[in-house]
Structures are given as C-alpha cells and as structure tokens.
Amino acid sequence: MFRIGKDWGPLLSSEYTQPYFKSLEGFIASEYLKNKCFPPKDQIFNAFNLCAFKDLKAVLIGQDPYHGMGQANGLAFSVNSGVPIPPSLKNIFKELERDLELPTPKNGDLSIWASQGVLLLNATLTVRQSDAGSHQKEGWEQFTDHVIQTISKSKSNVVFLLWGAYARKKRKLIDGERHLILESGHPSPLSANRGYWFGNRHFSKTNAYLQSIGVDSIDWKVDR
C-alpha cells in the first residue's frame, strides 16, 4: 500500500516487510475506509516526495498532522494554501520575520521549503478528523524514527531542528558529531509566550552553518 518514491525508496524499503509496518498498513487502510482522515492518501508521504534525499539540508520534526478539514498536506507545520494559518505556524512566521526581516507570509504552505531540501517530518504521518493523536502508537513513530536514524548514519552536515519537548527526545537518534542539532521550545502559543520560542534564530543559524560548509543556504521566504 505505502511506497515512497524518488531516492528515499532504496533507503527505507527494508521497513516495508517488517511486521509492524504490515500492521500499520492494515490499520491505515481501515481508518481511511471507515473515517475521514488526513492528509489525503496521495499526500501522506509529501515530506519525502517534495524533498529528495540527495538534496537534504535540514530536518524539521513535528508530532502529528493537523486534524481539521483541508489543513494537512503531508508536511510538518504546513497547511494548504488558502487555509487559515494555525497559531504555531503564526509564531514560526513571527520568528522568521524577527530573525531574517522577511515579511510575514500570508500563505501557510511550506512546500517551498521542502523543495529546497528541508524535510518537514511529522513523527505520525496520518490522523483521524477532529481527533488529535488518533494514529499515534500504531507504527508510524517506529518508521519515522528509522528515517531519522537513516539520515543520521547516511548523511553528514544536516541541520536538525528540534522544537519542543517531543521533538527534542529525538536527539538520541542523531549523531551530534556529524550534524548540527538546534533545539528550542515549541512555537505553540503556550510555549512561545513563556519565552521558550522567540529569539532562537534557527533560520539564520541554519543558513550560517550551511554556508560554512559550502552549501547553498535556504531561502526561507514562503510567499512567492
């Protein structure tokens, strides 16, 4: 049922035959048949389909897709164009403006980041409508942990952006001597308003690191 294209396939294909993945396939097939789930089936692996492994520069780890109608598009923190921008994404854009003096985007679709080598990876790739966390602990986390470990072992000099307690727990999967790990609070209003998000300057720090190793920086501007 699930297969990832582009150059990720050979790296991740061994997982497809694992018992947990077979169970996950069955669970997701049933969920999409019986319930309204997000993102649409053809967008479940958008994070990989829009960001080739060979072009990978940064990994941004989220937890769960948005569970409102029309929001999720397979990219962590991203929403479809024309959809109201959620609070956490609003705070991401506020920090983007403070850090790089870019105008606040009116569009919440982060596909432009993915196309430049930013893997916008949710730990859980699907969710039932209006039921946050409903597809957690069904196998997705094991798969996405494998993705993180594969990147850590197979690449060098990738920037990992770990925002919030959940994402920061993934640090143990990453070789900090091979990669740059940037950590901060979560951009959600609760965390951001307590001072754990604003001022982290992760966008400029990412670009400074990439430039220091001779890699083109990321144009973080969203609206085109």
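Start with α7 (165-168): this helix gives the most to the lining of the largest pocket, three residues. Before you click on, note that this is a predicted model, where local features need pLDDT of at least 70, side-chain atom pairs count only at pLDDT 80 or more, and totals for chains, interfaces and linings use all residues. Residues are numbered from 1 along each chain as its sequence is written, and side-chain values use heavy atoms, with hydrogens and water left out.

Helices (H or I, at least four residues) and strands (E, at least two) are DSSP runs, numbered from the N terminus.

Now zoom to Q63, D64, P65, Y66 and H186, which lie nearest the pocket's centre among its 27 lining residues. The volume there is about 440 Å³.

Next, select α9 (residues 202-212), where H202, F203, S204, T206, N207, Y209 and L210 are buried (under 20% relative accessible area, 1.4 Å probe, protein chains only). Show their surroundings: these buried residues pack against α4 (87-100), α5 (111-114), β5 (159-163) and β6 (180-184), with contact meaning heavy atoms within 4.5 Å. Step just past α9 to G214, which has a positive phi of about 80°.

Last stop, the cysteines. C37 is buried at 5% relative accessible area, and C51 is buried too, at 1%.

Terms used. Buried means under 20% relative accessible area, exposed over 50%, partly exposed in between (1.4 Å probe, protein chains only). On a 1 Å grid over the protein atoms alone, a cavity is a set of points where a 1.4 Å probe fits but cannot get out, and a pocket is an open set with protein on both sides within 12 Å along at least five of seven lines; lining residues have an atom within 4 Å of a point. Grid points are joined across faces, edges and corners, and a volume is the space filled by probe spheres set on the points.
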